[in-house]
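Trainee: Could we go through this one together? I'd like to ask about one residue, then about how the chains meet.

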Amino acid sequence: MTVSIVALSAGLGEPSTTRMLADKVVASARERLGDVSVEVVSLRELAHDITDASLTGFASARLQHVYDQVAAADALIVAVPIFKVSYPGLFKSFVDAMETDAIIGKPVLLAATGGTARHSLAIDMALRPLFSYLQAFIVPTGIFASPHDWGSSGEHALQRRIDRATGELASMLGGGGTGRTREDEIDLFSDTMLSISNPDLR
Amino acid sequence: MQIGIFTVGDVTPDPVNGTTPTEHERIKATVEIAKKADEIGLDVFATGEHHNPPFVPSSPTTTLAYIGAQTKNLILSTSTTLITTNDPVKIAEDYATLQHLVDGRMDLMLGRGNTAPVYPWFGKDISKGVELTIENYQLLRKLWDEPVVNWEGKFRTPLQGFTSTPAPLDGVAPFVWHGSIRTPEVAELAAYYGDGYFANNIFWPKEHYIRLINFYRQRYAHYGHGDPEQAIVGLGGQFFMRKNSQDAVNEFRPYFDVAPVYGHGPSLEEFTEATPLTVGSPQQVLERTLQFADFFGDYQRQLFLVDHAGLPLKTVLEQLDLLGEILPTMREEFAKRRPANVPDAPTHAARVDAKNAEKEVQA
């Protein structure tokens, strides 16, 4: 069965190093998983839509299309640049305007680029808590790429971390997951709901 | 079909002439707008309830009674009355008094209120908002439907041998609408009691409202009040119109661009495409409004937001004159498409008749 993956790249430059990292992770995931369909989404192109959604509380048709793709995907790859200790505000606004329960139980692989290796804990200190809050199923290995990693001597190490992370993603997709997904149905039998037709239950 | 207007009651600077109305001016303008609504033949005027600046309507029944004394046919309503932070006993008393004063020409719409600090200011907890809505409404029903109430709940002092005065006019309590856009429990509450359900249908794409309207219709049928298409549905809407559609766009754009809620965001063109807001000619407003029934099913009440974003009173009154011109066609077209089994919007007179008919059957 085809595995569907959405890769979100929050790189703001063009060309973007973060997008390059996302593409490398996607290539590795294709090798690991074989039959995959991948949609790579660059948030830069949605910058206006994301700001509008932050102000109006609803997503434009094309931003909603991305949220729908994210919700429907079997797994997410998230690649962000690290600016001033954390991910860019645009990425946080994208997540803020998404439904809170959109990615419950969904396997998510986290990757980041940064100007120096001293930012390398940003995945664990900034990105991981965000996805814990969203109740995603987070791949244990995070992939951080500093400028050094793109040089010939570092390439091997970066590729090894990428393959380790996509290997973990593959085993998560092959397993039973967290057993939790987004709940779309209205629960007619919650205590609160039942108390409407039967006040004694209140 | 009842057609009318609803106001938030915001005091917003006019970005074109740079002035901000005083609270006094805003309150008086609200009265003028309601009188105009009556004059052009609209059915409903509804005011919001707020307890924080920049909003003025903190005391809806005071304003509505004052308007009621100066109008003839207009049904006076709310959008919304806060069922969470108001004492249900005071709601029962205030709105029953209003009902007597205006000879039944009123109803009310209940809502939760989403301004977090208002809850603690009234001694309530916003995290209990849904529970407060349910318990308070169950008490309100008893206060209006039972002569002597013995009651105990979680959120209020118990009542022993309490009689709410005055009793509803003709023994028929004011009709209740429940306004909600996200909370299934509110749709369930409306369905269980056979009350009306209102989706504000402004500021967001109409697709956001369809799920709970359909849920309410199904549950209305589940509780035996009729078929799903017979449930009592109300919708909001928003427009700005001029005879020439380009004039409407040019005049409204400076208000749109800095408006509360959506200002500084999407363009007017993007927003009018995505949401029910129509900026254009009266014909365009007419066509867009009639499409609501295609999407949501035939419904009973349409309320428009017209006094928003700092528009001056003169402009708002002109908007109502233009609405008055398309009103007969709008009514005709809605009536033409409505199947015979879909009921009219409830009025006090019709509900008194229904009650008397029921009594005769029993006798």
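Trainee: Is N341(B) buried, partly exposed or exposed, and what is its relative accessible area?

Mentor: In this predicted model, local features need pLDDT of at least 70 and side-chain atom pairs count only at pLDDT 80 or more, while totals for chains, interfaces and linings use all residues. Residues are numbered from 1 along each chain as its sequence is written, chains are lettered from A and ligands numbered from 1 in written order, and side-chain values use heavy atoms, without hydrogens and water. Buried means under 20% relative accessible area, exposed over 50%, and partly exposed in between (1.4 Å probe, protein chains only). N341(B) falls in the middle class: partly exposed, at 34%.

Trainee: Which residues does N341(B) touch, leaving aside those up to four places away in sequence?

Mentor: Start with where N341(B) sits: in the loop between α11 (313–337) and α12 (348–362) of chain B. Helices here are DSSP runs (H or I, at least four residues), as are strands (E, at least two), numbered from the N terminus. Counting contact as heavy atoms within 4.5 Å, N341(B) touches E229(B) and Q230(B).

Trainee: Now the chains. How much area do chain A and chain B bury between them?

Mentor: Buried area is the accessible area (1.4 Å probe) that two parts lose on being put together, summed over both. The contact takes 17 residues from chain A and 33 residues from chain B. Of the buried area, 63% is on carbon and sulfur atoms, and the total is about 1,900 Å².

Trainee: Which residues form the salt bridge between chain A and chain B?

Mentor: A salt bridge needs a side-chain nitrogen of Lys or Arg within 4 Å of a carboxyl oxygen of Asp or Glu. The count between these chains is one. With the closest N and O atoms 3.7 Å apart, the pair is E99(A) and R182(B).

Trainee: Which element gives the largest share of the side of chain A that touches chain B?

Mentor: Two helices of chain A, α2 (47–56) and α7 (191–197), each supply at least two residues of that side. The largest share is five residues, and they come from α7(A).

Trainee: And how much of chain A counts as buried?

Mentor: Chain A has seven helices and six strands, and its C-alpha atoms fill a box of roughly 70 × 40 × 30 Å along the principal axes. Of its 202 residues, the part that counts as buried is 47%.
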